[in-house]
Amino acid sequence: MLRLLKKTIAVCLIGLGLGILLVLLLPLSGWLFLIGVIVVAVGLMWLCC
């Protein structure tokens, strides 16, 4: 049960990060792009462990 919850949270993080990247993929908002990349990376790391 706990493993399923962790995977669900990880998929939500990846989705959130991709949403941030797709909506705010502008050259002017580099820090928002960086936040999106970090959220996706955290989601992928969470999914792997």
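Select C12 first. C12 counts as exposed, at 51% relative accessibility; exposed means over 50% relative accessible area, buried under 20%, and partly exposed in between (1.4 Å probe, protein chains only). C12 sits in helix α1. Helices here are DSSP runs of H or I with at least four residues, strands are runs of E with at least two, and both are numbered from the N terminus.

A note on what you are viewing. This is a predicted model, with residues numbered from 1 along each chain as its sequence is written. Local features need pLDDT of at least 70, side-chain atom pairs count only at pLDDT 80 or more, totals for chains, interfaces and linings use all residues, and side-chain values use heavy atoms, leaving out hydrogens and water.

**Helix α1**

Select α1, residues 2-23. α1 has 22 residues. From first C-alpha to last, α1 reaches 31 Å, close to the 32 Å expected at 1.5 Å a residue; the expected span is 1.5 Å times one less than the number of residues.

Which residues of α1 are buried? Colour A10, I14, G17, I20 and L21. Look down the axis of α1: these buried residues fall within an arc of 125 degrees, so they line one face of the helix. The arc is taken from the directions from the helix axis to the C-beta atoms. An α-helix has 3.6 residues a turn, so residues three or four places apart point the same way. Turn to the other side of α1. There L4, C12, L16, L22 and V23 are exposed.

**W46**

Move to W46, in helix α2. W46 is partly exposed, with a relative accessible area of 31%. Which residues does W46 touch, beyond its neighbours within four places in sequence? It is in contact (heavy atoms within 4.5 Å) with K6, I9, A10 and L13. Then pick K7: its C-alpha is 7.5 Å from that of W46, though the two are 39 residues apart along the chain.

**The nonpolar patch**

Show the surface. Select L2, L5, I9, L34, I38, V42, M45 and W46, which make a nonpolar patch of about 760 Å². Which element gives the most to this patch? α2 does, with five residues.

**The whole chain**

Zoom out. The protein chain has two helices and zero strands. Of its 49 residues, 22% count as buried.

Conventions: Patch = residues over 30% accessible without salt bridge, like charges linked within 9 Å, V, L, I, M, F, W, Y side chains within 5 Å. Areas by Shrake-Rupley, 256 points an atom, 1.4 Å probe, with all protein chains shown as cover. Salt bridge = Lys/Arg side-chain N within 4 Å of Asp/Glu carboxyl O.
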